[in-house]
Amino acid sequence: MKTILEICAADIDSVYAAARGGADRVELCCALSEGGLTPSIGLIEEALTVEGIKVNVLIRPRSGDFVYSEAELRVMVRDIETCRQLGVNGVVFGALKPDGDIDMEACRRMAEASEGLHKTFHRAFDMCVDPRKAVRDIQKLGFDRILTSGQEVSAMAGAALIRDLQMEFPGMTFIAAGGVIPSNVSKIVAVSGVREIHASAKTSIESSMTYRRTGVSMGSPDTDEFSRATTSEKTVKAIISKL
């Protein structure tokens, strides 16, 4: 059985690199340094023109925790409705209560807004208090998939829990995510038993700017304004070769 590769893509170059490299799907987002946030409408529309790859969109209005206010929830529902109108393959979202349980009401509202789309519960799962209860709740909400590092710092470290959950809940598809690189992807698959993998396959590229003003930063003072992270087609191909 083929193992599906999903690439976390935060710019349009990454979508093209994922497609050329042979990935099956992208999780489209922005602000990878913040763990990923909802991308712009323009990026979504442009990604949908790239042939040969499915587009799932991350719905996350801000960085930080996954406990959302009513206003934030309205933003997320509107983003989902827009994604559905644009014709994306699926959406990726999740919400928690302060006690670490799944926020069933918030997720229900977002699930209703995403009717007809594939639904992935994102790595808020890795912050929940009881993973098995969380899976049962997520199943009730009609999600197709759960994106997870097995509640550890990486998919390799959490592979045993992912394996156990995959065996206990065969009706749910688990996507192993977190620190996936060519040198460990085959072991992650072997230990966890998953059939879907999520990776950024990122590399750093230099700015094409020849004039470089120093002492000015768009973010924190130590931000390098003349390099950026993007998906590497070569790394995508390397991951697929190991799969």
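A: Happy to. This is a predicted model. Let's begin with G193: its relative accessibility is 39%, so G193 counts as partly exposed.

Q: Where does G193 lie?
A: You'll find G193 in the loop that runs between α7 (185-192) and β8 (196-199).

Q: And which residues does G193 touch, leaving out those up to four places away in sequence?
A: Those are Q166 and I188. As for A159, its C-alpha is 8.5 Å from that of G193, and the two residues are 34 apart in sequence.

Q: New topic: in what order do the eight strands close into a barrel?
A: The order is β1-β2-β3-β4-β5-β6-β7-β8, with parallel pairing. On average, neighbouring strands of this sheet are turned by 25 degrees against each other, direction ignored.

Q: How many bridges join β1 to β2?
A: Four bridges link β1 (residues 4-9) with β2 (residues 25-28), and these strands run parallel. I7, for instance, has V26 in β2 as its bridge partner.

Q: What about the phi of A201?
A: A201 also isn't a glycine, and its phi is positive at about 50 degrees. A201 belongs to the loop between β8 and β9 (202-206).

Q: Is A201 buried or exposed?
A: A201 is buried, because its relative accessible area is 4% and the cut-off for buried is under 20%. Q151, at 25%, is partly exposed.

Terms used. Residues are numbered from 1 along each chain as its sequence is written. This is a predicted model: local features need pLDDT of at least 70, side-chain atom pairs count only at pLDDT 80 or more; totals for chains, interfaces and linings use all residues. Side-chain values use heavy atoms; hydrogens and water are left out. Helices (H or I, at least four residues) and strands (E, at least two) are DSSP runs, numbered from the N terminus. Buried means under 20% relative accessible area, exposed over 50%, partly exposed in between (1.4 Å probe, protein chains only). Contact means heavy atoms within 4.5 Å. Two strands pair if DSSP finds at least two bridges between them. Axes are lines fitted to C-alpha atoms, for helices over the stretch in contact, and angles run from 0 to 180 degrees between N-to-C directions.
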